Amino acid sequence: MSAAFDSAARHPAPACLPGTRVEVLSLLSDWLDKDGGSPICWLNGLAGSGKSAIAQSIAEKYAGQGRLAASFFFSRREVRRSTAQTFFPTISLQIMSFFPSIRPAVLSAIDDDGSIPTKILREQMQHLIQEPLLSLKESLSSPAVIVVDSLDECEHDYMVLELITLLAELLRACTIPLRILFTSRTESHIQAKFNEPEIQVMTHAMELRAFNAEDDIRSYLKHSFGEIVERHQILRHVAAPWPSEHDFNSVVEKSSGLFIFATTVVKFVEDRHHDPRMRLGKVLNEETSSDPASSAYTDLNILYLDIICISPQVDHCQLLLGVIRYVSEPISIHDLDILLNAPDVDVRFVLSALKSVILIPDNEDEEVRIYHTSFGEFLSNRERSKDYFIDPDTHHHNIAQLCLQLMVKQLKRDMCDIRDPSKLNSEVEDPCRPATSYSCRYWSFHLSRVPHNGSLDASLVNVLREFASKSLLYWMETLSLLGELEGAVSTLHTAIHWLKVLQFLPADVLQLMNDAVRFVLMFLDGIAQAALHIYYSVLPLTPTSTLLRKTYDDELIGTFTVLSGIESDWDACTRSVTVKGCVTSLDFSPDGNMAASGSDDGVQLWNATTGNNIAKLGMPVNPSCPVAFSPSGSCVAAGYDDGLVAVWDTLSGLSLVNNKECHEKQVSALAFSSSGDLLASASSDASIQLWDVKNGRPLRRFSGHSSRVSLLMFSSDNTNLVSGSDDTNIIVWDVMNGRMQHMLKGHKDPVRSVAISPDGAYLASGSDDKTVRVWDARTGTCIKILKGHSKSVQSVQFTSDNLHVISACYSDLHLYSSSTGRRLDKLDGDIDDISCVAFSPDNKYITAGLTDGTIEVWDLSSNKRLVKVKSELPSVTSIVFSLDHTKIACGSAKDGILGDSLFRPGYVLRKDGWILDDKKKLIWLPPSFRPTESKSTSLIVDGDRLIVLGVSGFPLFLNLAVLRS
């Protein structure tokens, strides 16, 4: 709640002085109080022009009237206030207090899916605000108010635009009177959003530059200088008025309409440790630039330079300003001391000279913050700050090194003295100091901002090596206790990326980081619940030859004993997640960051690295055809049994297409054009429909097949669409006019697959008649019939060099020469019972999923099998490559994991992997070690030994004696 108007983290929040900004506040109050009219107001202006003070005053006024439903003050200086990801959870908590009757609906939504705060913004808004408001029992006589300040300080422009879109949708859907006040700088992307017709019609725009601020600045300065005279005894003997009318007018003129200049002058002059006359004289004696092209902030720049240069310890001042400027979230004076670990730096003394630009609390455990964004921007701009420029490269390096050194110094095993490994993280309070917490969460962020430089690299690598070899497990334990363990993977990936581009690669550090990624991904679900199981469950199950296991072997003391069954190295599976029912289709986004699945849970988006669920899209119904990403990854499409075609924006979850009027029966195939602007859908009713994705409109219908259309494919230039059908025919269509160009006849049974050669000259098709046919794409003539399959040909593809055609059926894979049609050697290895196949996007590799859960991969240039691995799945029903062919995602009809099982009096193995003793969590087993329901000997107790036969097929022998102690 640090983003709310009355948050302690924002105290003292700037507000309008009584008697100032009267006209603006009056107009805003009129807009908020009257019935009807625009539900949105956008107040915009320059940085430092007083927008946040106005927003604060409005929030305070309407909170006092009991009409403020919620507020959110963005700030790029604080991570949690700089992202839209925290916006809807924060607003929801406040609205829940404002409307108590919606509390059950909000809590129910969180109970149903505790990961809602990590989902896309649309899902957050729908489940935490929009749907609960439908249960609202209170009524309002006047509009409720939401204040959203400093939109321009929210990171990622697209998130800002999505936030505006979603809040506009909320207003349209709301049955209660609601007003939203936005403030921001006049950024072009924000202005363009508010100018969109559907938003503009709802918006009343107010520009602060249209209001003369000079009188308000005069009132503020008159009041403030009067208080300075009263507080400083030295001024009581100075002839009134002080300052003189000339000096007073000079300050007003230098302000140039910017309140931040006026307030900074006041803070600079009022310091009780200095003579106000001398300080005001310093402000007035600096020459204003006469250059007509000079910045509107010229006088402010001069003022900021004056403030810094009077610091008694300039080096220490720059060091502290660098940390304060570039930390991802504010930290306290006490924590600055801890992080710096520099006895010669008196943090409070150095900062005391900067009170006019830095908010310094009396309590050393409260956060130190830059007073206004303009000062941070000044420090980061070499032209403005001159010799006091705070170089981001240097200071990110310093902070990264300080974070790593602090973790090595302070982290240890069981640092919260939990002792009992069965104790859940939720039962542990205050795991560490904020400085330590900050270091654990942000060290790699600062590392990633450090450009590579020989000497600087060496110092960072040395401390990274010490951290990786001594504190890596303790760091994971701390993140687990902080509830931040999921972020460990991206943190490690960031560090790995930085290490990989070093001139001299530190192989040991890199290996430990890579092992740590696998460690977290494989055991995340267990150790995210109970941190000490890093040592008690996870480390004993870690592959024995990995550098991580060897480096931290001493941490095994006091844990249970694994007698046998641990592999020596990591297997191919990096992460597994469980969904409801059969996973019938999968697809990777082109950048490899997301995966989409179709199952009985509906269409879902997943983080492809961590396996975290990002979004559930549409109905909880299994799509009738494979889900598909657009080539850019910005959209995902699905089709359903009732003829519905659905397309969603993957960033926002916004529905782009939602239409079941064009197909009378089940949707059987989907295909995006290479531009992503067009989508083709096919149906069991033999129809094909072309869609304009951006506008969600059907464009034209293609008619020519007499039976179910099973597949679709656009040509690389998007001029042609190819379709295959159960009527045994293939048709080539002209996309622009919907006319049939060629009907390719020859197959005797339904067509199951089609491919277009990379050069566009040929088509290949596979059929239930067990043949592959090659066609001249220009004439539609069949030029080769390829035989040899014993079952229906389910997949066909050209190799990237056009030289070969590869085809797959349920029992074998064949490679043919494109020029002669001669069948070449079979792919390496004996295979049978293939349930699904997929080609890599560059057609260099093929992977097959087998009915027994095995996954195999071949290199098509050599026909050699590269990978054969038994997955955790009882069977593989869908499989797909990532764009860079480094990842494979596969799905199954069922998770195959045995339900809760009592294997010894008092001991229970739960289906989520926990071995319990009288409800206490003793050991957590990852999915590959859990038994399957198909094996009657999956669990065996032999004296003090538990033998578990997991889905991987490898027996795990555990010594139970330690569980009794």
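Student: What share of the 965 residues in the chain is buried?

Tutor: Buried residues come to 56%, where buried means under 20% relative accessible area, with a 1.4 Å probe and protein chains only. Keep in mind that this is a predicted model, with local features needing pLDDT of at least 70, side-chain atom pairs counting only at pLDDT 80 or more, and totals for chains, interfaces and linings using all residues. Numbering runs from 1 along each chain as its sequence is written, and side-chain values use heavy atoms, leaving out hydrogens and water.

Student: What makes α19 oblique to α20?

Tutor: The axes of α19 (residues 392-410) and α20 (residues 434-448) cross at roughly 135° and come within 8 Å. Angles under 35 degrees count as roughly parallel, over 145 as roughly antiparallel, 65 to 115 as roughly perpendicular and the rest as oblique, so α19 is oblique to α20.

Student: Which residues of α19 and α20 make the contact?

Tutor: With contact meaning heavy atoms within 4.5 Å, they include H396, I399 and L404 of α19 and Y438, W443 and F445 of α20. By class, the contact has 12 nonpolar, 5 polar and no charged residues.

Student: How do you know that β19 and β20 pair?

Tutor: Pairing takes at least two bridges found by DSSP. Strands β19 (residues 688-692) and β20 (residues 697-702) have 5 bridges, in the antiparallel sense, and W691 has P698 as its bridge partner.

Student: What do β19 and β20 form?

Tutor: A hairpin, with 4 residues between the strands; G696 in the turn has a positive phi of about 70°.

Notes
Axes fitted to C-alpha atoms, helices over the stretch in contact; angles between N-to-C directions. Helix = DSSP H or I, 4+ residues; strand = E, 2+ residues; numbered from the N terminus. Nonpolar A, V, L, I, M, F, W, Y, C, P; charged D, E, K, R; others polar. Buried < 20%, exposed > 50% of the residue type's maximum accessible area, 1.4 Å probe, protein only.
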